[in-house]
Amino acid sequence: MSAANVLVGGARPLWAEQFARLRAAANAPGFSADQLEELAIAAHCLGRMADCTDAWSRAHAAHLESGDWERAASAAAWCSFVLLTGGDFALGNGWITRVQALCDEHELDGSARGFILGQQAAGLMFARQYAAAAELFEQSQRQADRLRDVNGGVLSRLGRGQCLIQLGRGPEGLNLLDEVMLAVSTEELSPLVSGLAFCAAIESCQQVLEVRRAQEWTSALTRWCEQQPDLVPYRGNCLV
């Protein structure tokens, strides 16, 4: 999926400033779907999840109106992602159903379909069906790599690595998490994905007592947060 970091002059913006600027213009004529997506990302980084999902919903509607089915499905997928990772499973699953309907109706084979596959894998993982989940994550990883979807590739490798660790295949799983951390440090990822990847990878290291990696990745997370002084998520349990 798209929704990469919003960069200004080569540096990360102050999310509060960006949110205030975009929100002030959000109801003006000509406010674009791209700007709505930027507003959604800024709202997420400030912990304003209601504003975030509202902006993704509006971006989804704007893409539908313009007939851009792939981006409409992608915006719906991001809205689902935010809801599901925030524990709002009913609404999150509702948005997944919308993504699935768009992909089926318009025969889409892009990142949104890979997202559906990844969410099916995540459901199996949370149900402790780790072997089946790992296989689906591998399929979604291949889909993401084919499309050069960096966000999808990171999420798929993260989930697959977690599953392999639970299956007792720690070295393989940790190697995948090393790939995830490399992408977080070198690629232009959405902050929605970067923050989640940091926290999940550090937690996995704690589970297998991989202290060295946990220390390195916690230091990297600290630096990432320091670059964004008004970032709200990822500053609590993850850093502790």
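In the predicted model, Asp34 and Arg71 form a salt bridge in which the closest N and O atoms are 2.6 Å apart. Asp34 belongs to helix α2 (residues 33-45) and Arg71 to helix α4, so this pair ties together parts that are 37 residues apart in sequence. Both partners are partly exposed: the relative accessible area is 39% for Asp34 and 28% for Arg71. Side chains of opposite charge can pair in this way when their charged atoms come close. In the whole structure, 14 salt bridges are found.

Helices α7 and α8 are also linked by such pairs. Glu138 and Arg160 meet through their side chains in a salt bridge with an N to O distance of 3.9 Å. Because Glu138 lies in helix α7 (residues 130-147) and Arg160 in helix α8 (residues 150-166), parts 22 residues apart in sequence are tied together. Glu138 is partly exposed, at 32% relative accessibility, whereas Arg160, at 19%, counts as buried. A salt bridge also joins Arg157 and Asp145, with 2.8 Å from N to O. Here Arg157 of helix α8 and Asp145 of helix α7 are twelve residues apart. Arg157 is buried at 15% relative accessibility, while Asp145 is partly exposed at 37%. Elsewhere, Arg23, Arg48 and Asp51 are linked in a network of salt bridges.

The largest nonpolar core comprises 63 residues, and Trp56 and Met181 have the most contacts inside it. Helix α4 (residues 69-85) supplies the largest share of this core, eleven residues. A second, separate core has ten residues, including Ala121, Tyr130, Ala133 and Leu136. Beyond its neighbours within four places in sequence, Met181 is in contact with Ala197, Phe198, Ala201 and Trp217.

Conventions:
Residues are numbered from 1 along each chain as its sequence is written. This is a predicted model: local features need pLDDT of at least 70, side-chain atom pairs count only at pLDDT 80 or more; totals for chains, interfaces and linings use all residues. Side-chain values use heavy atoms; hydrogens and water are left out. A nonpolar core is a set of buried Ala, Val, Leu, Ile, Met, Phe, Trp, Tyr and Cys residues joined through side-chain atoms within 4.5 Å. Buried means under 20% relative accessible area, exposed over 50%, partly exposed in between (1.4 Å probe, protein chains only). Helices (H or I, at least four residues) and strands (E, at least two) are DSSP runs, numbered from the N terminus. Contact means heavy atoms within 4.5 Å. A salt bridge is a side-chain nitrogen of Lys or Arg within 4 Å of a carboxyl oxygen of Asp or Glu.
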